[in-house]
Amino acid sequence: MRAINYDDGQLTLLDQTKLPTETVYKTYESVEEVARAIEEMVVRGAPAIGITAAYGTVIGARKFVSGDFKVYMQKVIKRLWHTRPTAVNLHWALERMEQIITDDVDDSIQLLEQEARLIEAEDTDINLAIGNTLKHLVQDKTAFLIHCNPGRLATSDYGTATAPFYLAHEAGVKFKVYSDETRPRLQGALTAYELSDAGIDVTVITDSTAATLMQQGKITAVFVGCDRVAANGDVVNKIGTLPLAIAAQYYGVPFYVAAPTPTFDLKVANGADIPIEERHASEVTHLAGQSLTSVQSVYNPAFDVTPHELITALATEHGLIEASQEAIEELFRKGER
Ligand code: MRU
């Protein structure tokens, strides 16, 4: 199951808005189409958005006809940059792509393609390393709570917070995962879909059931992904992460955030400075085309901020670190990013 496939100028995305009922792949041939696929969440998840945008710049470069190539590419990058505001992987990947553009069009196309492939390959390595960082916690008879979809569908492969599950499952460990459905867009159903497809024991719960499972002592640890980590260790992730972290602290359940280094943003001091995307009211008022309420006044932030004090550890590709300014500075001082 791969969310993104690129081959010789052809970008194919698995349409996540149709899963799990329909498996539809579509090929994207222009920057505008790629940008819309990100906005409409055909492709979603912080690393996957970054990878898709990287391939979007390649598609843009290949479409260049005449004029100033660098100016043209600035416009391509600008269009992709403004598709979604919160996951910093998007901007991180576009900055990487931007740096290698020269006036030589053919050369640039080749280098951009190489760079996009590298970003994708590095993502898989990062996820495997995060999986290895956390997999010691996944033992026989343990059970985990996961929120949203930090999985295969949100990345190049393995997922971030799901990687330890895939690795433990491959090693024959018998454990259980509870997946929050994750209102309003139900990305938790995508997590359940991909884990069950791999043969992992997964149970879907409503978001409101999570605290009850922790109260019942059924959860070994909570694993979540993230869309941006601030310099002080505050984490922005899918809406509903904050209440999980609060409940986890209350019930003494360890709370781990799978945090690849491309998801850190050292330019923002704390979580309050991270832009939070607000999505359309219809995501809340409607479900599968059916109206759920007559009230049209809706507040629909797509992400929330979990303060660093509530986080047991950040699981990076370089190991577990404390969610603190000091530990993050130390990680990046070593030139890890
Ligand atoms: O709005 P989305 O679906 O793009 O949100 C992204 C997520 O799935 C995250 O919350 C996730 O934990 C980070 S992606 C590894």
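Begin with the largest nonpolar core of this predicted model, a set of 96 residues in which Val222 and Val257 touch the most other members; a nonpolar core here means buried Ala, Val, Leu, Ile, Met, Phe, Trp, Tyr and Cys residues joined through C-beta atoms within 7 Å, and buried means that 20 or more other C-beta atoms lie within 10 Å of a residue's own, with C-beta atoms placed from the backbone. Next select helix 2 (residues 46-62), which gives the most to this core, with ten residues. Because domain 1 (4-128) and domain 2 (130-333) both give residues to the core, it lies between them; the domain bounds come from an automatic or database assignment.

Residues are numbered from 1 along each chain as its sequence is written. Since the model is predicted, local features need pLDDT of at least 70 and side-chain atom pairs count only at pLDDT 80 or more, while totals for chains, interfaces and linings use all residues.

Now centre the view on Val222, which, residues up to four places away in sequence not being counted, touches Leu145, Leu244, Ala248, Val253, Phe255 and Tyr256, a contact being C-beta atoms, placed from the backbone, within 7 Å.

From there, turn to the open sheet, where seven strands follow the order 6-5-4-7-10-15-16 with mixed pairing; strands, of at least two residues (E), and helices, of at least four (H or I), are DSSP runs numbered from the N terminus, and two strands pair if DSSP finds at least two bridges between them. At its edges are strand 6 (201-205) and strand 16 (319-321), each of which pairs on one side only. Within the sheet, select strand 10 (residues 255-258) and strand 15 (residues 313-316), which pair in the parallel sense over three bridges, and look for Tyr256, whose bridge partner in strand 15 is Ala313.

Finally, move to the positions that UniProt, in an unreviewed entry, marks as "binding site": Arg44, Gly45, Ala46, Arg84, Gln187, Asn237 and Lys238; such annotations may be inferred rather than shown by experiment, the feature names are shortened, and the positions are given in the numbering used here. Gly45 sits in the loop between helix 1 (31-39) and helix 2 and is buried, with 29 other C-beta atoms within 10 Å. Gln187, in helix 7 (residues 187-197), also counts as buried, with 26 C-beta neighbours inside 10 Å. Leaving aside neighbours within four places in sequence, Gln187 is in contact with Cys148, Asn149, Thr182 and Lys238.

Notes: A residue is buried if 20 or more other C-beta atoms lie within 10 Å of its own, exposed if 12 or fewer, and partly exposed in between; C-beta atoms are placed from the backbone. Two residues are in contact if their C-beta atoms, placed from the backbone, lie within 7 Å.
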